[in-house]
Amino acid sequence: MRKSEIVLYTTTFLIGIITLLVLRQIIHYRSAIKALERKNYIEAVDGFSDVIYNHIPFSPLEKKSINYIHHVIKVADETEDYVLKLYAIEMLRRSIYGIRHLNTPHNSTLVDLNSQTIKLRSQLLIQDGYLKGVSETEDEMKSIVEKELAPNPLLAFVAILMFLGYVAFAFWNIFAHTKDEFVLKKFLAGILILLLLAFGWSIGFYLC
Amino acid sequence: MVAASFGLGVAHPSGYPIYLILGKLLTFLPFGSIPFKVTLVSSLSSTVLLTLIYRFLSAKTNEISALFSVLMLLSSYSFISQSLIQKFYTLNAVLIFLIFYLGFRCLEDYKPKYLLAIALLFGFALGLHHTTYFMAIPILFVLVINLKKVSKYIFPSIICFMLGALNVIYILIRSQKPTLLNLAFSPNFQMLLDTLARKAYKEGSSIEVTKSMFVFDLERLYASIKNIAIITIKQFNYLPIFFLLLGFFAIYKRDKQKLFYFILCIIVYSVLLSYLTFSHSTLTLDAAYIVANQYFVPYLIFFALICGYGFWVLSEILAKNFRVVPKLLLLIPLIYIPEHWFRNNYSSNQVPHYKTIDQLFVKPIKSICINEGDNDVFQAWYMKNVEKFRDDLCIISAPTIKDPLWSIENGCNKAIYKSIYPELMEESESINLATLSPYMKKLRVLSTSPLELNPVLNLHLRSFYSVLDLAVLPEESSNLEALNPTFTKYREKFEDYLHFKPCLSHRTDDVFTRALCSKYVTYLAFRAKDLSETSDKSVISKIKVFFGEKAYDLEIFTNDKNSHLLKYALDIAEYNKIEEFFLYEKK
């Protein structure tokens, strides 16, 4: 397969995926706006969080969706509907965590959202008869919300690249040094490089 | 698989490091959600596989036959299905095809590099599904044919195998630290070997399955051949069988050794695999979807390849006078693609997504959830660990319950929850039932199935239907009926938040979705029952409700207030009935 063919297929594939995501965003956004007009806040939150979930960089609909969900949170606050408030916060929060890649899109929203989550969960827990005080309960909730077990994205990326390099080099070593006859010395030298690469990705996976 | 990929954790045995690494790599794409990106591993693997098949057959036959073969595979129900979900079977199929291709090249023109590359690929397969090792049988035939040339490359081949197998070190490394998900905790070499041998599956472990290969049972063989025949017809219909026979004839005419090689490939991935995993005397829906729909993708590949040869013979015969006929024949596989595609279009299926959200959302803050079965456990782990939805909950996987201790690792990781749920964090990484009593009294222990059904736990616990799940209560709770108004209130409170409507419009052919929708049927029936007691004049309706695997009949007085809920419940049950499933076989 020629390089130009690979570039063509990859570009087509990427354009296809992005078109699909754009279409999904538009459909969910429209249905969410309609639901908001009907004051069906649950359906609106579902629709807006689906817009964010089908993330495309620089999409204007995502920013608008976040604002609309904040509007629902405000409405829930005003009407003291804490179940709706919890639903809106949790849905927005999960849709942002669900689109993480090398960095986290809408990270600034997330910081504010996490503090709201801590407060609301603590409030509901105390209302339910929890015996600890407000600050102690909030500390508990904070330790859950802020702790992260996901690997460091940058280190994980480097480790994965080393792993793929290892796989590619293993094949190259076989096909380059055994064209017709087996060149043992070169093959063994290649194995040494492979072991170094293996050490590299092992360390990378351990550290990330 | 998605949670383990994103968190660079470890999937269920045999750990699947290669899949997880590729999955994680794709999560770095700056668009789409994490599950969407991990699904691309399967879709890209299928694309690569179809390209490889096309190129292979174009070189061996002609382009139109290669296209026929590719379209046939693309039209098969299971291939489409596996290309669109977060599973490793299509990636595995790529590996199997590459081994097949290198073996084929050895038969054509043996070179040591092919042998070494096969050894390397077998090494990589250690970190994938072990059905790849069925290719050892056809490859053994290739080695016997080239015995003299092969003998001096045995040692380099072993080295290449070990270099490939080194990928499983990933499991050992990632088990050294807390990760988002680790389903095969293997911090030392012995545990790693157990994971690779899939010992956790007991009689389903790789060793036991291999052993059962040597136990001959005529009845089992008959059942496995019958089941394979049923599945083949379901996948491709009857006509391709003609092309298959013609294909064998075409290969025979070219080279008898290659015919034998092809026969071995197709037999190991059909009859032999079926003998080991799919020899059920009656074909249940679970067997059809969990075994047949997944394991037999390599069989479909070899079937389509041989049919490609058959098509080639036919196209050569028709080339002189009826050139247009082969082109028209290409339309045959195209007929099946739309139906198979729509039945597997999971992007239209919101049920698993919303059912998990609903199930977690309705729980009181800081509750303990005892989830039973893959449907409830895996999705909840993903939603909680990766998307942090209701991450205040502690999710325990019920199959690991060992009275009085319950295992908790993945849904309530010590690294985060040690100080939050100290009652659950004893030294043995398990919990004591007695310590949960305060949670139970606050109705904050919930289970997906009634714990009374467990012969040990029924001595200690009672359960009561809440919203989607059951509240678990201590044995000493005497007046359960007094709790009725509390649970009625709960069910009312969350009525608007539950997404049962996708169960009527998901359009997909998914046994897991069916199981999830049964939970909504149960909820709707209970909610209807709550509303039934307010009426005097009413008709009795009987409806099946589900708790885990168990189904019960519930009698409800129908009235104006609850009839719409009952209608939804009955419609959902009807929409998801087993007769609607493509692979369902009438008894």
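How many cavities of 30 Å³ or more does a search of the whole structure find? The search finds three in this predicted model. The close-up views below show two of the cavities and one helix pair.

**View 1. Lining of the largest cavity.** The largest cavity holds about 140 Å³ of space. It is lined by 15 residues, of which B:L180, B:K384, B:N385, B:I416 and B:Y417 are the closest to its centre. Two helices of chain B, α22 (374-385) and α23 (414-417), are the elements that give two or more residues to this lining. Six residues of the lining are nonpolar, four are polar and five are charged.

**View 2. Lining of the second largest cavity.** The volume of this cavity is about 60 Å³. Its lining consists of B:F68, B:M72, B:S75, B:F236, B:P240, B:I332, B:P333 and B:Y336. In chain B, α4 (63-75) and α20 (331-343) each supply at least two of the lining residues. Seven residues of the lining are nonpolar and one is polar, and charged residues are absent.

**View 3. Crossing of helices α16 and α18 of chain B.** Helix α16 (residues 256-277) and helix α18 (residues 297-318) of chain B have axes that come within 8 Å and cross at roughly 145°. The crossing of α16(B) and α18(B) is left-handed. On the α16(B) side, the contact is made by B:F262, B:C265, B:I266, B:Y269 and B:S270. On the α18(B) side, B:P298, B:Y299, B:F302, B:F303, B:L305, B:I306 and B:Y309 take part. The contact of α16(B) with α18(B) comprises eleven nonpolar residues and one polar residue, with no charged residues.

Notes:
Residues numbered from 1 in each chain as written. Chains lettered and ligands numbered in written order. Predicted model: local features only at pLDDT ≥ 70, side-chain atom pairs only at ≥ 80, totals over all residues. Heavy atoms only, no water. Axes fitted to C-alpha atoms, helices over the stretch in contact; angles between N-to-C directions. Helix = DSSP H or I, 4+ residues; strand = E, 2+ residues; numbered from the N terminus. Left-handed = near helix turned anticlockwise from the far one by under 90°. Contact = heavy atoms within 4.5 Å. Nonpolar A, V, L, I, M, F, W, Y, C, P; charged D, E, K, R; others polar. 1 Å grid on protein atoms, 1.4 Å probe; cavity = no way out; pocket = protein on both sides within 12 Å on 5 of 7 lines; lining within 4 Å. Points joined across faces, edges and corners; volume = space filled by probe spheres on them.
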